[in-house]
Amino acid sequence: MGTNGNEEVTSLYSLSCRDRRFSKHIHDNVHGNIYLDPFFLQFVDTEQFQRLRELKQLGLTHMVYPGAVHSRFEHSLGVYWLAGEAVYTVQGHQGSEINIERNDIRTVKLAGLLHDVGHGPFSHLFEREFLPRVLNGSEWSHEDMSVKMIDYIVDAHHIEIDAAILNNVKEMVLASSANASQNTVNEKRFLYDIVANGRNGIDVDKFDYIVRDSRACGLGCNFQFQRLLETMRVMGDEICYRAKDYLTVHKLFATRADLHRTVYTHAKVKAIELMVVDALTLAHGELSISASIQEPAKFWKLDDSILRQIETSDKQELKKARDLVLRIRRRDLYQFCNEFAVPKDKQEHFKDITPQDIVCSQKNGDTPLNEEDISVSIVKIDLTRGRSNPLESIKFFQDYESDYKFPMRDERISHLLPAFCQDMIVRVYSKKPELVGAVSKAFENYQLKTYGMKAQVHDTPEKKKRRV
């Protein structure tokens with residue numbers, strides 16, 4: 001392995017990160033001082049990037065975890081910084097062996113900075129819940145819009161940037177999405193795994209949001225990304241990790257799964273999200289919320305304030321949507337009735353449960369229900385690869401003297417590691433408090449009819465059923 005860094009890269013590092021005459025610094029509550037040189041400030045100091053201040057990183061989670069008010073702006077700065085640290089680390093350890101050039105560093109850092117610039121309001125709710133409802137199964141993604149927004153920013157602000165850098169930045173942003181380029185150059189393929197890793201899921205995007213989200217929500221975080229960041233090594237054009245860091249890698253995926261279960265898909269967070277999706281759907285005809293999703297010039301003006309716009313409007317056409325938002329403000333939420341985990345052997349061929357399924361499970365004499373009285377939420381929590389174990393796609397090395405890389409299996413490390421990599425949870429909510437009992441009973445009937453038993457852990461509390 002090489003030990004000395006390329007002089008050009010070292011001088012760039014000194015210029016952009018150490019000489020404050022040429023850079024601006026921002027103090028981040030996770031990473032400390034983050035330095036931005038004039039090249040990156042061209043993008044940061046635009047209204048399109050500054051819009052990220054108006055997008056909460058965790059959408060509506062702050063209504064349950066009050067501290068979760070951090071934005072995609074600070075997350076994007078964090079990913080930019082860690083992307084640079086990752087490149088400098090492997091370059092410093094391996095020198096000319098991997099031939100990292102100045103433009104490579106700029107490309108990776110810019111991809112980290114701009115990876116979320118096309119995000120919609122309310123975290124992933126906008127693209128995964130709202131748009132498919134109003135646009136009949138829309139497959140719009142924030143990664144695709146980020147690519148369009150990057151082009152728009154460059155054109156609108158007359159930013160001079162090498163065409164090859166710009167193209168590679170966009171491919172890096174798409175690297176873990178369904179629309180990842182199939183024609184990515186083979187040379188320096190490892191650079192495309194730093195920001196959004198479509199190969200095995202380990203990337204600096206997760207390094208940042210796992211720590212940042214945990215801190216904002218007041219939760220402890222045992223995952224230490226620094227251990228992986230400081231010891232990563234490029235072998236055969238992919239980033240590999242020391243064998244003794246296997247459990248740290250596993251902790252990355254396990255911590256992410258814990259955040260999904262306890263924070264991102266918290267039962268009350270999901271209740272609020274269901275209400276917001278209903279409110280946006282009711283307001284869509286009047287506000288044409290989805291009209292801008294293919295036009296960056298209009299899309300950058302859409303942010304979390306759309307909810308406030310509905311709430312403060314006097315338009316009669318928005319009354320139903322406004323009433324739903326007011327219910328959220330007054331904590332008159334959709335009532336969580338119960339949930340069950342889909343059995344492991346049923347997950348592969350699982351068919352989504354609908355309100356109609358619940359209504360059709362009622363028996364004669366039960367309080368009559370309509371589909372409009374019920375909301376169903378299907379929550380999937382995994383280790384980034386569905387039912388597959390992402391660690392099987394990761395290569396490890398014994399020590400820095402070895403040039404041999406190899407996969408490792410869980411059973412060789414510990415028998416305490418999970419044998420299954422995905423949970424699928426079905427939750428049912430009553431939109432009216434007085435119908436909790438009827439909805440809960442119908443949900444139990446559905447479980448008995450489908451699985452021959454009650455799959456839920458416990459009955460819905462009687463106190464909740466009696467609420468009027």
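In which helix is the place of arginine 227? The residue lies in helix H10, residues 225-231; helices here are DSSP runs of H or I with at least four residues, strands are runs of E with at least two, and both are numbered from the N terminus.

1. Basis of the model. This is a predicted model, in which local features need pLDDT of at least 70 and side-chain atom pairs count only at pLDDT 80 or more, while totals for chains, interfaces and linings use all residues. Residues are numbered from 1 along each chain as its sequence is written, and side-chain values use heavy atoms, with hydrogens and water left out.

2. Arginine 227. With a relative accessibility of 36%, arginine 227 counts as partly exposed (buried is under 20% relative accessible area, exposed is over 50%, and partly exposed is in between, with a 1.4 Å probe and protein chains only). Beyond its neighbours within four places in sequence, arginine 227 is in contact with Arg242, Lys244, Asp245 and Thr248, contact meaning heavy atoms within 4.5 Å. The C-alpha atoms of arginine 227 and aspartate 245 are separated by 7.9 Å, and the two residues are 18 apart along the chain.

3. Overall fold. The chain comprises 18 helices and 9 strands. For 468 residues a compact globule would have a radius of gyration near 23 Å, and the 24 Å of the chain agrees with this; the radius is taken over C-alpha atoms, and the globule rule is 2.2 Å times the number of residues to the power 0.38. Along the principal axes, the C-alpha atoms fill a box of roughly 80 × 55 × 40 Å. Of the contacts with a separation of 6 or more, 73% join residues 24 or more positions apart.

4. Burial and surface. Buried residues make up 56% of the 468 in the chain.

5. Helix H17. This helix (residues 436-451) has 16 residues and reaches 22 Å from its first C-alpha to its last, close to the 22 Å expected at 1.5 Å a residue, where the expected span is 1.5 Å times one less than the number of residues. Because 12 of its 16 residues are buried, H17 is largely enclosed by the rest of the structure. Among the buried residues are Val436, Phe443, Glu444, Asn445 and Tyr451. Their cover includes strands E5 (335-341), E6 (374-382) and E9 (422-430), together with helices H16 (355-359) and H18 (462-465).

6. Most residues other than glycine have a negative phi. Histidine 158, in the loop between helix H7 (142-156) and helix H8 (163-173), has a positive phi of about 50° and counts as exposed at 68% relative accessibility. Arginine 331 has a positive phi near 60°; it sits in the loop between helix H15 (319-329) and E5 and is partly exposed at 40% relative accessibility.

7. Phenylalanine 43. Found in helix H2 (residues 38-44), phenylalanine 43 is buried at 0% relative accessibility. Residues up to four places away in sequence aside, phenylalanine 43 touches Phe49, Leu110, Leu113, Leu114, Ile153, Val154, Ile159 and Ile161.
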